Amino acid sequence: MTHFNPITLVSHKHYLEHDTGGGEHPEVPERLLAISEQLKKSPLCPVLVEVDAREPERQDVLAFHDESYLYRFEETALSGKTYLGHPDNQICFDSYQIALLSAGGGITGIDLLENNNADLVFCLVRPPGHHAESSLPLGFCFFNNAVIAAKYWQKKYEREKIVIIDWDAHHGNGIQAAFEEDPSVLYISIHEHPTFSFPGTGHAEDNGMGPGTGTTLNVPLRPGSDDTVFLQAMERLVEPALADFRPDRIIVSAGFDGHIKDDMSGLSYSTDLYEVIGRKMAAWASQYCQGKLLSILEGGYHLESLAESVERYLQGMAQTTQG
Ligand SMILES: [Zn+2]
């Protein structure tokens, strides 16, 4: 009989109220609802612990974002405008508060991990974060949830060396921008090649700048890349980078839009792959971080595949750590 270790899901009902206008927009509340429904009928259900995300302190958000950007975002939302900066970034009246609460997911998870109230945390949040830059919303992202989490972990708990492993189909330009000159955070992104994919960044030769040279690892994959290509990249490039860096803590930017059925990318991952990834992330957490693992939802837009892939990812991580 399969045994699963507990997983804490950090989420909030207000995440469903970030309204991207209906119609064509892919980043919709139904994403979280589909995942919740899937998990309710999953064998994992008995080991899932649900915790509400709390709002971050303003200083936690300002650790990365410009204050003028916070004002601009808040004013734009409250004025009734329907997008911020670019029509991709649809907002509603409450989106500023909800985006703050989304950034609070990682922070809530870190407190649980560090106070020994959890080992495996998955933040079921929206809006996503990895494209957001310090004063620029991009690709449905407003606040960079992973960057804010990494900075909080360093500042509050003095976990010096953080790795962010981002296997969303798209390059996390915002995470790279935050840490490309910072040797204390290793950013690893495996994504569809920027020639073919939004946002057009993340070339293999971009490996950091100044003191941060060598602590950015971009692994662009050709369209059509499948599980085998992904796992080879993990083995050949990601594992050695982790072994060199020896992180104190791991953050996973968990995007599921590389799935073959997800038309937001040309990647061809199967649902099965996500279980393998879950096992790997948990194994690395055991190896380097006393089993502590924080994952934050990024993309994933094909509702059925998203829900199934999240379930399999969680199954993989919960199995691995049973020892
Ligand atoms: Zn994506």
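This is a predicted model: local features need pLDDT of at least 70, side-chain atom pairs count only at pLDDT 80 or more; totals for chains, interfaces and linings use all residues.
View 1

**View 2. Helices α4 and α5 in contact.** Two packed helices are described by the angle between their axes and the distance between the axes. Here the pair is α4 (residues 95-114) and α5 (residues 145-157), whose axes come within 9 Å and cross at roughly 40 degrees. That angle makes α4 oblique to α5. As for its hand, the crossing of α4 and α5 is right-handed. From α4, the contact draws on A99, S102, A103, G106, I107, I110, D111, L113 and E114. From α5, the partners are N145, I148, A149, Y152, W153, K156 and Y157. Sorted by class, the residues of this contact of α4 with α5 are 10 nonpolar, 3 polar and 3 charged.

**View 3. Helices α3 and α4 in contact.** Helix α4 meets another partner here: α3 (residues 67-78), with the two axes coming within 8 Å and crossing at roughly 135 degrees. The contact of α3 with α4 has 5 nonpolar, 2 polar and 1 charged residues.

**View 4. Helices α7 and α8 side by side.** The axes of α7 (residues 227-245) and α8 (residues 271-288) are 12 Å apart, and the helices pack at an angle of about 10 degrees. That makes α7 roughly parallel to α8. In α7, the residues that meet α8 are D227, F230, L231, M234, V238, E239, L242 and A243. Facing them in α8 are L273, V276, I277, K280, M281, W284 and Y288. What classes of residue make up the contact of α7 with α8? There are 12 nonpolar and 3 charged residues, with no polar ones.

View 5. A34 lies in helix α1 (residues 30-40). With a relative accessible area of 19%, A34 is buried, because the cut-off for that label is under 20%. Although A34 and E304 are 270 residues apart in sequence, their C-alpha atoms are 7.0 Å apart in space. Setting aside residues up to four places away in sequence, A34 touches L303 and A307.

View 6. Q315 is found in helix α9 (residues 303-320) and is buried, with a relative accessible area of 10%. Apart from its neighbours within four places in sequence, Q315 is in contact with F4, S42, P43, L44 and E275.

**View 7. Backbone spots to check in the loops.** Most residues other than glycine have a negative phi, and most peptide bonds are trans. Against that background, here are some exceptions.

- The peptide bond from R126 to P127 is cis, with omega near -5 degrees; P127 sits in the loop between β3 (120-123) and α5.
- The peptide bond from F198 to P199 is also cis, with omega near -5 degrees; P199 lies in the loop between β5 (185-192) and β6 (216-221).
- R246 has a positive phi, near 50 degrees, and is found in the loop between α7 and β7 (249-254). At 48% relative accessibility, R246 counts as partly exposed.
- Q290 has a positive phi of about 50 degrees although it is not a glycine. It is found in the loop between α8 and β8 (293-297), and at 54% relative accessibility Q290 counts as exposed.

Terms used
Residues are numbered from 1 along each chain as its sequence is written. Side-chain values use heavy atoms; hydrogens and water are left out. Axes are lines fitted to C-alpha atoms, for helices over the stretch in contact, and angles run from 0 to 180 degrees between N-to-C directions. Helices (H or I, at least four residues) and strands (E, at least two) are DSSP runs, numbered from the N terminus. Angles under 35 degrees count as roughly parallel, over 145 as roughly antiparallel, 65 to 115 as roughly perpendicular and the rest as oblique. A crossing is left-handed if the near helix is turned anticlockwise from the far one by less than a right angle, and right-handed if clockwise. Contact means heavy atoms within 4.5 Å. Ala, Val, Leu, Ile, Met, Phe, Trp, Tyr, Cys and Pro count as nonpolar, Asp, Glu, Lys and Arg as charged, and the others, Gly among them, as polar. Buried means under 20% relative accessible area, exposed over 50%, partly exposed in between (1.4 Å probe, protein chains only).
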